[in-house]
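Open the model in your viewer and follow the stops below. Each one gives a selection and then what is there.

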Amino acid sequence: MLSIVEIDRGTPAATSTKTVSLEIDGRSIAVPEGTSVMRAASLAGIAIPKLCATEMLDAFGSCRLCLVEIEGRRGYPASCTTPVSDGMKVATQTPKLAEIRRGVMELYISDHPLDCLTCPANGHCELQDMAGVVGLREVRYGYDGANHVYAKQSDGSANPLFVAKDTSTPYFTFDPSKCIVCSRCVRACDEVQGTFALTIQGRGFDSKVSPSQNEDFLGSECVSCGACVQACPTATLSETTLIERGQAEHSVTTTCAYCGVGCSFRAEMKGEEIVRMVPNVEGQANHGHSCVKGRFAIGYASHPDRITTPMIRKKISDPWQVVSWDEAFAYTASEFKRIQEKHGKHAVGGITSSRCTNEETYLVQKLVRAGFGNNNVDTCARVCHSPTGYGLKSTLGESAGTQDFDSIEQTDVVLVIGANPTDAHPVFGSQMKHRLRQGAKLIVVDPRRIDLVRSPHIKADFHLKLKPGTNVAVLNTLAHVIVTEGLVKDDFVAARCEPEAFERWKTFVSQDKYSPEAMEATTGVPADVVRGAARLYATGGNGAIYYGLGVTEHAQGSTAVMGIANLAMATGNIGREGVGVNPLRGQNNVQGSCDMGSFPHEFPGYRHVSDTATRQLFEKAWGVPLLDEPGLRIPNMFESALDGTFLGLYVEGEDIAQSDPDTQHVTAALSAMECVVVQDLFLNETAKYAHVFLPGSSFLEKDGTFTNAERRISRVRKVMKPQSGYADWEITQKLAQAMGYPMNYAHPSEIMDEIAALTPTFHGVSFDKIDRLGSIQWPCNDEAPEGTPVMHVDEFVRGKGRFMLTEYVPTREKVNAEHPLILTTGRILSQYNVGAQTRRTENSMWHEEDRLEIHPHDAEERGINDGDWVGISSRSGETVLRAKIADRMQPGVVYTTFHFPGSGANVITTDNSDWATNCPEYKVTAVQVLKVSQPSAWQKRFQNFDQQQQDLLKAAEPVTR
Amino acid sequence: MNIERLSQMVNDIANYFAAEPDHAAGVAGVADHLKKFWDPVMRRQIIEHLQGGGVGLEPLAREAVQKLASLQTTTA
């Protein structure tokens, strides 16, 4: 069922700038060339009957309802497949058309159940609407169709024609009895999602929708994105929640709280209850598409694990005490003040998160800088994309991606490095696959054979299956080929880049040691593959680089980001549509949390704290003196805690005890602190070490903005009141007040107004403007009042682009006899980050545990079979997971996800980090893998501790309820 | 803080700037990086460590910390 508020014009909008004039039912209209007659009619306010057509999909022309008559043409063409032409005269309602349409509907209804009053789509069913529109009054063929029969015949015997509903997936139901075989679901799976999981099997009257080879949906290749459910004109595919709750009465546009794609959704509501989430067709990042997380995995927001009252305790071995908000604020403030009085003002700090809104993040860093009086504030981007900020600022001048997602529609060569968009950024992954199916070339640089390398109708032209930890070496070999084979875009470099830095870089990458042949043994990538890929990227037309955490989470993360920017500059692939350097951000608001000044060395807008003019600006606005020295980064906070000099921490929306590397180091640091304050929805792993718990609000319970990977600022809108009584920004504000620092915002829009006033790239941003434009890509100011989709157009933000030297320095993490394998980590489609949200939804049906993927050769050597328990040990620790034999791995490399706390993936990862930003080297850990029969010692301790903490939480419960 | 870890971190930074053909620029690059991104306490600790012998600091890292120390004195 389509959104309850959108108007479906039947076919996609045409993009031509040339207009064509025509007449429909006597009304004149001018539309872009390439528009269908159906869409033109809709734009003129004329609804032509339709069933197989929807704006989501290309025209198909199968239902024969949308036929029209066109003056001077024979027959009755389908208006969905007929493009407009100048001077065309169309009639949409004639006696002959009425007769044809009634005949068509008569046939449809003869094989459709008439249980409309008890049908979930009642009132929003397109078949029902069309029966009404064409004036269907009788069905001469009777109603006993073959597709909507009872399970048992009248004599009690089983009916061979009966097909039961498919309820195998938790989120939607497939009721084949209501299917009209319009193929919208099949086309949505193909065109929109690009999975090709559905097909029509059989011919003629036997035609039926079939997931994979007539399997159930869960067992098929279906990824549960829901595009088919949205496309279905009847109740054949319906959301389970729609079936259970009935239809919504209003709809609120908001932004998804999962990955960095930042999809726009319409939350369809009944009062304060969500009926379903429908991706917004007008959404500028997602254009009406979504994935299994955003559309379906929102049950966590109302999960019974939600904590809704503040709690405090003196020691983490004490039971929680439920207290009032005022007591919680007073206690926290008194503890922080006590610690600061005794140990100095630098002994406390705060950590914000990419899961917070911009306004929340801004307030946390303001509280730390102005309220605590130090710069000890950091965000979880520290452990994911901090190298992007550093690397892109050094080379291009701004810590952000250069394009919008739609830019890929103009791309000829897609270069994906260390990213797995079909799992981690699925909606953009679908857009990328769409472009690849149109013929764009694909280069993948990844140690694993990710799905993009080979999936339906897509095959990478080059897969550089490198050894983990050799990104910089590979980037240098690509640069070597581009320079030594004369593929540099000299005119671009001469006009746009610093000449001296370019010459130094040219000499540097031309060294023989960086030839693909010389590096082959290091990188594991055959030289001819590197040469082919470099030539394709440099000469194949518009080349766009997309990269992810496989680039940043390395000892040389920042160097690799600079290497990527160097490649784009050298080939002139920057500053226009179709090209660019595109970091795919992990979480919903990574870009925003960085923009908002949550790093210890910089104010909002990436301005260093030592910059006097900026500091004075903030001092004036905030009314207090501010420090000109950088504060502690997250890992520095841990070290200082173990030294006994950092004892109070305010953490909002981040679970450092699960997501940060070397878990035992982190938990030791947390245990050493005197006041850990966690603001979250759940008792997460960090909260088990906390002394104060402040119950946070979900994205459905507050107003604010998220900024996605394309710098797009979109509104988060409150659709229900906060369960705990306060939205997160209010909690931070109250805490600041308790600390004696005044904050008096009445609404998050006022916080954005302050951000805009103090940050040049945000000067033109306001909630009102976002509401008007749908979203805004910063920079948004007097020079670009409606935002900036593509950056660095005529000149780089820093003026001239600067080529940086990128020496390959092998990581300290090396394999040896004790630890002969390399562990790398990543995500899976159905789960998200630490899993706090998705584990509390039925998404766990697709992924109920983290497994260790291992190449068959490595498994055989160790006597490991699929499903065996294996111990994975590194110099940091040991954990036990079940093995999954996977030939997409290369020998010598093992892989796991980190979505479940008990998996202890980060017990194994080490303290190695990016040289520039301390972003952890999650992607390279030397390990040994052996068959075992019981959990690791850490896991046993974890289980005991977890049990103890759950008991202490339960002990607090009688007071709460 | 764990001084071994701090030394390792300076060495990592120095490894990046080692590619700089102009040695003085490399030293300045490391020192500037420390000044910009390290908390003052960490900077003080690494300077004290160098003054106490600087075990574990590689040559370029040593020079850079020395440079950092002189920068701190001039600005102080």
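This is a predicted model.

**Stop 1: the domains of chain A.** Colour chain A by domain: domain 1 is 19–134, domain 2 is 172–302, domain 3 is 311–381 + 590–767, domain 4 is 404–429 + 440–569, and domain 5 is 821–945.

**Stop 2: domain 2 against domain 3.** Select these two domains of chain A. Their centres, taken over C-alpha atoms, are 37 Å apart. Across the boundary, 16 residues of domain 2 are in contact with 17 residues of domain 3. On the domain 2 side, show strand S9 (250–255) and strand S10 (264–270) of chain A; these elements each give two or more residues. S9(A) gives the largest share, four residues. By class, this side of domain 2 has eight nonpolar, seven polar and one charged residues.

Stop 3: Select 704–707, 712–716 and 776–777 of chain A. Three strands form an open, antiparallel sheet here, in the order S28-S29-S30. The edge strands are S28(A) and S30(A), each pairing on one side only. S29(A) and S30(A) pair over two bridges. Now pick A:Ile713: its bridge partner in S30(A) is A:Ile776.

**Stop 4: chain A against chain B.** Bring chain B into view. Here 19 residues of chain A are in contact with 17 residues of chain B. Which elements of chain A give two or more residues to this side? Select helix H15 (499–510) and helix H22 (634–643) of chain A. H22(A) gives the largest share, four residues. The chain A side divides into seven nonpolar, six polar and six charged residues.

Methods
Residues numbered from 1 in each chain as written. Chains lettered and ligands numbered in written order. Predicted model: local features only at pLDDT ≥ 70, side-chain atom pairs only at ≥ 80, totals over all residues. Pairing = 2+ DSSP bridges. Contact = placed C-beta atoms within 7 Å. Nonpolar A, V, L, I, M, F, W, Y, C, P; charged D, E, K, R; others polar. Domains from an automatic or database assignment.
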